[in-house]
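This report goes through a two-chain model, chain by chain and then element by element. Please keep the sequence and the structure open while reading.

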Amino acid sequence: MTYKKDRRGGENELEESIETSNRSVSLGLDLANIFSFRIQYRSKKEEHFISIKPGESILVSTDKGYIIFRYDNDAGKAIYGFIDKNGKLRELGEI
Amino acid sequence: MPEIEEVKKELEFWDPLDRVLLLSIGPNPASHTEIQKRAVVISSILGIDLDVEPYEYGLYSETITEKLSDERNSVFFVKKGRFYELTEKGKMAWKILTEKLDREILEFIDALYKMDRNELLVLVYHLFPSSFTKSKIGKKILAAINKYKNRGFVKVRREGDKVILEV
């Protein structure tokens, strides 16, 4: 898995992690700031955090494809779509 | 001045949406709808504001349409039948632009080029629900969106305040 840094100049934090999973992408609501979701992404040795503000999107690249997360203002939820490397739409969901 | 240098010089005067447009057309012929929907996704990922409004087939950018029909842009792309194609200079400009992108972004855009038109529509409607506002095809798209939910490619579980997605 690889990780895409925030290209919108948003807040990024990088921390060492004891997690070794390279398969999971975790998304959590940042309770300190109700106006943003906080994405936590684990790669093999590192854990990354990125905030998505309303209306913003981020792309997370995995070894199987790409997940696009978008924080929809109106619905107040994170929406995601997963497409594989061949451009096949595989899954849609929301949190 | 060599042609590549001319193109680089030209690119310096481009605004971010010109770049989004060129990336949205891509190296192979693309229809107006494909370009519009790709532009919505690409601008969103790159954090570039695109003026979109809901229309009969989802989100639509008047700016993209204006740029597509602007004669001055014919150096970089031309319309052939229903499709827009990059000219040789356009392909040079596309190559220069893509060389500046992160590898993962470029690979993602490449995957967008391969997407089936209907799946692209479904993805954009889902990620940008305002697409439904004036849509003539909203019911059909909504039914398609539901078919892509809970398919097992992304496993979701809750852990306290967190939601864990496994791919």
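## Chain B overall

Chain B contains 8 helices and 7 strands. The model is a predicted one. Computed along its principal axes, the C-alpha trace of chain B extends over about 60 × 35 × 25 Å.

Chain B has 167 residues, and 35% of them count as buried. Taking the contacts in chain B between residues at least 6 apart in sequence, 59% join residues that are at least 24 apart.

## Chain A overall

Of the contacts in chain A with a separation of 6 or more, 33% come from residues 24 or more positions apart.

A:Tyr71 is located in strand E6 of chain A. A:Tyr71 has 22 other C-beta atoms within 10 Å and is therefore buried, the cut-off for buried being 20 or more. A:Ser57 is 14 residues away from A:Tyr71 along the chain, and their C-alpha atoms are separated by 6.6 Å.

## Where the chains meet

The contact between the chains draws on 37 residues of chain A and 33 residues of chain B. On the chain A side, strands E2 (24–29), E5, E6, E7 (77–84) and E8 (89–94) each supply at least two residues. E2(A) gives the most to this side, with 6 residues.

## Helix H6 of chain B

Helix H6 of chain B covers residues 103–114, which is 12 residues. At 1.5 Å a residue this helix should span 16 Å, and its end C-alpha atoms are 17 Å apart, which agrees.

Which residues of H6(B) are buried? They are B:Ile105, B:Phe108, B:Ile109 and B:Leu112. Viewed down the axis of H6(B), the buried residues fall within an arc of 100°, so they line one face of the helix. They pack against elements of both chains: strand E5 (57–61) and strand E6 (65–72) of chain A, and helix H2 (16–25) and helix H3 (32–46) of chain B.

The buried residues are B:Leu17, B:Arg19, B:Val20, B:Leu21, B:Leu22, B:Leu23, B:Ser24 and B:Ile25. Just after H2(B) comes B:Gly26, with a positive phi of about 80°.

The largest nonpolar core comprises 56 residues. B:Ile25, B:Ala39, B:Val40 and B:Val124 have the most contacts inside this core. The element that gives the most to the core is helix H7 of chain B (residues 117–127), with 7 residues. Leaving out residues up to four places away in sequence, B:Ile25 touches B:Ala30, B:Ile35, B:Phe77, B:Tyr84 and B:Leu86.

## Helices H7 and H8 of chain B

Two packed helices are described by the angle between their axes and the distance between the axes. The axes of H7(B) and helix H8 of chain B (residues 138–147) come within 9 Å and cross at roughly 90°. That makes H7(B) roughly perpendicular to H8(B). H7(B) makes the contact through B:Leu121, B:Val122, B:Tyr125 and B:His126, and H8(B) through B:Ile141, B:Ala144 and B:Ile145.

## Two loop residues of chain B

B:Lys134 is in the loop between H7 and H8 of chain B. Is B:Lys134 buried or partly exposed? B:Lys134 has 14 other C-beta atoms within 10 Å and is therefore partly exposed. Apart from neighbours within four places in sequence, B:Lys134 is in contact with B:Pro54, B:Tyr55 and B:Glu56. B:Thr98 is 36 residues from B:Lys134 in sequence, and the two are 34 Å apart in space, C-alpha to C-alpha.

B:Asn150 lies in the loop between H8 and strand E6 (155–159) of chain B. B:Asn150 is not a glycine, yet its phi is positive, at about 50°. With 12 C-beta neighbours inside 10 Å, B:Asn150 counts as exposed, because the limit for exposed is 12 or fewer.

Note on methods
Residues numbered from 1 in each chain as written. Chains lettered and ligands numbered in written order. Predicted model: local features only at pLDDT ≥ 70, side-chain atom pairs only at ≥ 80, totals over all residues. Helix = DSSP H or I, 4+ residues; strand = E, 2+ residues; numbered from the N terminus. Expected span 1.5 Å × (residues − 1). Arc of directions from axis to C-beta. Contact = placed C-beta atoms within 7 Å. Core = buried A, V, L, I, M, F, W, Y, C linked by C-beta atoms within 7 Å. Axes fitted to C-alpha atoms, helices over the stretch in contact; angles between N-to-C directions. Parallel < 35°, antiparallel > 145°, perpendicular 65-115°, else oblique.
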